[in-house]
Amino acid sequence: MTHLEYYISDITFHDENGRDFHAPGIHYINGFSPQTNQILIDSVPCGTYTSMTCHIGLSHALNVSHSLTNTAENVNMAWPDNMGGGYHFLKMEGYVKTPIATSGYVVHLGTDTSLVTCIMTQYLDVFAIRSEWNMTMNINEWYRSPAVYNLLTDGNNTMGNPSLMSRIAGNGYDVFTLQLN
């Protein structure tokens, strides 16, 4: 992989009693830029949470062209207006090597139909002073389940292809794991 960028939004902590805590904000992540790889959420109420959910991408209300702050990152994540506008939710790019050849791939998700809801089901204890968690993306999960996706035979460019974007997005629910730091 040579390129990985995405947005995380709508982070929600779910507690044992069925209450939810929604953390505000849209978070831009560049997998190769350490300064974007930390999200600070400093207002989570203390307690035990049974799961956390988030979106990779932006909800319909937020996925509007030119609605995010005019930074280089947001401008570069713009989804073409002639394809519906808004923003890329995810950009994964790189090369696949086989014994015969090397082939490039461009996996891009965007548009409301490819919004990914990630679910991390595990107990999260948030303490009064500070709790730090590592959220790790397993890139392989995008291609495994529930639909096996082979970049060489199923398509190495998803942008603008609703069927291919849907298959990749459908695999995104479990790409993250959480570990106490």
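## An exposed histidine, and the basis of the model

H66 counts as exposed, because its relative accessibility is 70%, where exposed means over 50% relative accessible area, buried means under 20%, and partly exposed lies in between, with a 1.4 Å probe and protein chains only. H66 is found in the loop between β3 and α1, and although H66 is not a glycine, it has a positive phi of about 65 degrees.

The structure is a predicted model, in which local features need pLDDT of at least 70 and side-chain atom pairs count only at pLDDT 80 or more, while totals for chains, interfaces and linings use all residues. Residues are numbered from 1 along each chain as its sequence is written, and side-chain values use heavy atoms, with hydrogens and water left out.

## Confidence and overall form

The pLDDT, which is the predictor's confidence in each residue on a scale from 0 to 100, averages 94 over the protein chain, and 98% of the residues score at least 70. Within the protein chain, helix α1 (residues 72-76) has the highest confidence, with a mean of 98, whereas β8 has the lowest, with a mean of 88.

The protein chain holds two helices and eight strands; helices (H or I, at least four residues) and strands (E, at least two) are DSSP runs, numbered from the N terminus. Read from the N terminus on, the order of the elements is β-β-β-α-β-β-β-β-α-β. The protein chain is as compact as a globular protein of its length, because its radius of gyration is 17 Å, close to the 16 Å that the globule rule gives for 181 residues; this radius is taken over C-alpha atoms, and the rule is 2.2 Å times the number of residues to the power 0.38. Along the principal axes, the C-alpha atoms fill a box of roughly 55 × 40 × 30 Å, and 41% of the 181 residues are buried.

## Strands around β3

Strand β3 (residues 47-56) is largely enclosed by the rest of the structure, because seven of its ten residues are buried. Two strands pair if DSSP finds at least two bridges between them, and β3 runs antiparallel to strand β1 (residues 3-15), with six bridges joining the two. In this pairing I8 stands opposite I56 of β3.

Strand β3 also pairs with strand β6 (residues 116-126), again in the antiparallel sense, over nine bridges. Here T48 stands opposite D125 of β6.

## Strands around β4

Strand β4 (residues 88-97) is mostly covered, with seven of its ten residues buried. Four bridges pair β4 with β1 in the antiparallel sense, and Y6 stands opposite L90 of β4. On strand β1 lies L4, which counts as buried because its relative accessibility is 10%. The C-alpha atoms of L4 and M92 are separated by 4.7 Å, although these residues are 88 residues apart along the chain.

Strand β4 and strand β5 (residues 102-110) pair in the antiparallel sense over nine bridges, and a hairpin joins β4 to β5 through four residues. L90, which stands opposite Y6, also stands opposite L109 in β5.

## The largest pocket

The largest pocket contains about 980 Å³ of space. On a 1 Å grid over the protein atoms alone, a pocket is an open set of points where a 1.4 Å probe fits, with protein on both sides within 12 Å along at least five of seven lines, and lining residues have an atom within 4 Å of a point. The volume is the space filled by probe spheres set on the points, which are joined across faces, edges and corners.

The lining of the largest pocket consists of 32 residues, of which I39, L40, I41, E132 and W133 lie nearest its centre. Strands β1, β7 (133-137) and β8 (176-180) each supply at least two residues of this lining. The lining divides into 21 nonpolar, eight polar and three charged residues, where Ala, Val, Leu, Ile, Met, Phe, Trp, Tyr, Cys and Pro count as nonpolar, Asp, Glu, Lys and Arg as charged, and the others, Gly among them, as polar.

## Backbone exceptions

Most residues other than glycine have a negative phi, and most peptide bonds are trans. In T111, a residue other than glycine, phi is positive and near 75 degrees. T111 lies in the loop between β5 and β6 and is buried, with a relative accessible area of 18%.

A cis peptide bond, with omega of about 5 degrees, joins S145 and P146, and P146 has its place in the loop between β7 and α2 (162-170).
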